[in-house]
Amino acid sequence: MAAAGIENPNHYVLFDIIKYDRTAGETVARHELIHGLARRIMAKINIIAFNSITSSEKTAKRFFLDFCWKNHQRFCPQCKNRKLYRLADGRRRCGRCGYTFHDFSRRFLNRCAFSAQQWLWFLKLFALDVPPAAVAEEMGVSYATVLKAADTVRRAIVAQALDAPRLYEAGIWPGPGNPQPRNEIVDAPVFGIIELGGMAICDLLPGLKAENLLHFKLNFCLKTASVGQVVYTAPYKHYMSLVSCGPGLRPARYIRHEDRRLPVEASQFWSFAKQRLRLLRGVPASHFPLYLKECELRFNSRHDDLIPVLSQALCAFVPQIPQR
Ligand SMILES: [Zn+2]
């Protein structure tokens with residue numbers, strides 16, 4: 001889990017594979033740390049292999065189960081106890097706290113009423129960037145279901161990020177089992193972009209708000225430009241750019257974000273992200289972090305197969321954040 005890398009707050013860890021040291025300004029890809037099974041399943045799944053995984057509900061379920069239970073060792077999702085009773089309907093009951101659960105209880109993939117086969121096909125189409133309306137058509141499900149599934153995948157991606165606790169603190173809903181945030185996010189949080197060694201990091205900066213970006217622009221001539229609704233800036237501290245979106249960045253007509261030749265334009269990550277963010281018209285600012293984290297994951301996994309990467313995220317437990 002993402003929390004594994006938390007010991008050092010200066011380290012940013014993605015899937016425990018990429019480590020970024022804030023103090024040293026270095027990124028290390030720790031491929032040697034991916035254990036055998038994960039390394040095998042992270043390999044590209046071609047259409048033929050995909051076909052065999054999705055050939056039956058049983059094979060599809062087995063694919064997800066490998067991500068759910070390490071060495072098939074089940075435990076109670078509520079109290080982590082390993083002493084379980086099997087019920088006649090296939091579910092299990094905890095011998096200590098009495099919690100009754102099935103293999104996917106409390107995990108992201110339990111959110112939509114999809115079968116394992118449907119999830120796999122959804123992930124394939126999602127990875128290929130097929131538009132939601134076409135996914136609904138291909139899968140024979142409603143458009144609303146497709147949007148919900150996409151939202152679930154994005155929240156699962158967020159949960160894997162080391163700055164997830166900061167995102168939740170900023171008002172992003174972690175997922176089912178958590179109350180909806182009381183206040184709707186008006187302006188998205190501010191993210192700092194770092195690109196090192198071909199890896200991108202979009203780091204939530206809790207100390208900065210959209211209004212700070214505007215203040216830097218008006219009083220310190222920080223250059224700003226925009227793509228669709230998203231505003232981005234010239235370098236700030238060790239960040240290549242700051243990015244955010246929301247009405248607070250466009251308080252008056254005369255404020256424009258049209259500076260040219262910002263250094264971030266040279267970034268491979270940013271050209272990749274810009275193409276995707278350009279399509280974000282009409283997306284509420286509260287969803288911007290989800291799309292940005294999706295860009296980060298897609299860019300950092302561009303040499304890997306997205307299906308196992310997304311499956312791993314989807315099979316994780318939904319974090320339960322205590323209400324303040
Ligand atoms: Zn229990």
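**Close-up views of two helix pairs**

**View A. Helix α9 passes helix α10 in a right-handed crossing.** The model shown is predicted. α9 covers residues 268-277 and α10 covers residues 288-300. Their axes lie 10 Å apart and meet at an angle of about 135 degrees. That angle makes α9 oblique to α10, because angles over 145 would be needed for roughly antiparallel and 65 to 115 for roughly perpendicular.

**View B. Side by side, the residues that join α9 to α10.** From α9 come Phe269, Phe272, Ala273, Arg276 and Leu277. From α10 come Tyr291, Cys295 and Phe299. By class, 7 residues of this contact are nonpolar and 1 is charged. None is polar.

**View C. Helix α5 packs against helix α6.** α5 spans residues 132-139, and α6 spans residues 143-160. The angle between them is about 115 degrees, with the axes 8 Å apart. So α5 is roughly perpendicular to α6. Their crossing is right-handed.

**View D. Residues of α5 meet residues of α6.** On the α5 side are Pro132, Ala133, Val135 and Ala136. On the α6 side are Tyr143, Val146, Leu147 and Ala150. Which classes make up this contact? It has 8 nonpolar residues, with no polar and no charged ones.

Notes:
Residues are numbered from 1 along each chain as its sequence is written. This is a predicted model: local features need pLDDT of at least 70, side-chain atom pairs count only at pLDDT 80 or more; totals for chains, interfaces and linings use all residues. Axes are lines fitted to C-alpha atoms, for helices over the stretch in contact, and angles run from 0 to 180 degrees between N-to-C directions. Helices (H or I, at least four residues) and strands (E, at least two) are DSSP runs, numbered from the N terminus. Angles under 35 degrees count as roughly parallel, over 145 as roughly antiparallel, 65 to 115 as roughly perpendicular and the rest as oblique. A crossing is left-handed if the near helix is turned anticlockwise from the far one by less than a right angle, and right-handed if clockwise. Two residues are in contact if their C-beta atoms, placed from the backbone, lie within 7 Å. Ala, Val, Leu, Ile, Met, Phe, Trp, Tyr, Cys and Pro count as nonpolar, Asp, Glu, Lys and Arg as charged, and the others, Gly among them, as polar.
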